[in-house]
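Please look over the sequence and the model before reading on.

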Amino acid sequence: MSWLPDDFVHPVLVPLPGGGHHLRPIREADTPLDYPAVMGSRERLWAMFGPAWGWPAATMTYEADQADLLRHEKEIAAHQSFNYALFDAAETALLGCVYIDPPERAGADGEISWWVVDELVGSKIEQAFDALVPQWIAADWPFEQPRFLGREISWSDWLALPEHPGT
């Protein structure tokens with residue numbers, strides 16, 4: 001049994017309220033924008049995701065990021081997990097990401113986390129993004145018990161939970 005209904009169609013474009021920014025599934029071709037976004041915010045991202053995911057390593061190369069984005073693109077196509085990138089309107093800057101994953105820990109049917117680049121921390125864009133993600137998940141995704149990692153539960157508390165029975 002899949003973690004999503006067989007007939008589920010994932011959103012392909014999600015506008016951020018206020019215009020000027022949107023989410024769409026990430027692609028390998030986004031590496032030229034993703035790599036500087038990730039590495040430019042690497043210390044803060046490592047503090048968030050490092051203990052759980054070991055990402056992003058200080059030694060991550062452009063080629064490693066490109067391989068990672070190709071993996072994400074394939075996982076999206078197969079509905080195994082989803083990585084949406086936050087872009088400006090012209091897609092000249094990648095400004096953050098949302099990860100929507102099958103549950104690794106008990107008590108949820110989907111696990112969601114997200115981030116913005118360092119220069120957007122505390123900004124109106126980050127505030128709009130933080131408000132959008134839970135609303136979007138509730139409106140467009142088939143979860144009954146989504147878990148918002150690093151938001152409603154700390155990463156350390158999440159790591160302490162028992163594994164999901166399906167993993």
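The text below goes from the whole chain to the sheet, the helices and the core.

**Overall form**

The model is predicted. The protein has 5 helices and 6 strands, and from the N terminus on these elements follow the order β-β-α-α-α-β-β-β-α-β-α. Its radius of gyration is 15 Å, close to the 15 Å that the globule rule gives for 167 residues, so the protein is as compact as a globular protein of that length. The C-alpha trace spans about 40 × 35 × 30 Å along the principal axes. Of the 167 residues, 46% are buried. Among contacts with a separation of 6 or more, 64% are between residues 24 or more positions apart.

**The sheet**

The 6 strands make an open sheet with mixed pairing, in the order β1-β2-β3-β4-β5-β6. Its edge strands are β1 (14–15) and β6 (146–148), each of which pairs on one side only.

| Strand pair | Bridges | Direction |
|---|---|---|
| β1 and β2 | 2 bridges | antiparallel |
| β2 and β3 | 5 bridges | antiparallel |
| β3 and β4 | 6 bridges | antiparallel |

Pro15 has His22 in β2 as its bridge partner. The hairpin of β1 and β2 has 5 residues between the strands, and Gly18 in this hairpin takes a positive phi near 100 degrees. Leu23 stands opposite Leu86 in β3, while Phe82 has Ile100 in β4 as its bridge partner. Strand β2 (residues 21–25) has 5 of its 5 residues buried, so this strand is largely enclosed by the rest of the structure.

**Helices on the sheet**

Helix α1 (residues 31–40) lies across β3, β4 and β5 (110–116), and runs at about 90 degrees to β4. Helix α2 (residues 42–53) also packs on the sheet, where it touches β4 and β5; the direction of α2 makes about 155 degrees with that of β5.

**The core**

Which residues have the most contacts inside the largest nonpolar core? They are Val98, Ile100, Trp115 and Trp136, in a core of 45 residues. Two or more residues of this core come from each of α1, α2, α3 (62–77), β3, β4, β5, α4 (124–140) and α5 (155–160).

Terms used: Residues are numbered from 1 along each chain as its sequence is written. This is a predicted model: local features need pLDDT of at least 70, side-chain atom pairs count only at pLDDT 80 or more; totals for chains, interfaces and linings use all residues. Side-chain values use heavy atoms; hydrogens and water are left out. Two strands pair if DSSP finds at least two bridges between them. Helices (H or I, at least four residues) and strands (E, at least two) are DSSP runs, numbered from the N terminus. Contact means heavy atoms within 4.5 Å. Axes are lines fitted to C-alpha atoms, for helices over the stretch in contact, and angles run from 0 to 180 degrees between N-to-C directions. A nonpolar core is a set of buried Ala, Val, Leu, Ile, Met, Phe, Trp, Tyr and Cys residues joined through side-chain atoms within 4.5 Å. Buried means under 20% relative accessible area, exposed over 50%, partly exposed in between (1.4 Å probe, protein chains only). The radius of gyration is taken over C-alpha atoms; the globule rule is 2.2 Å times the number of residues to the power 0.38.
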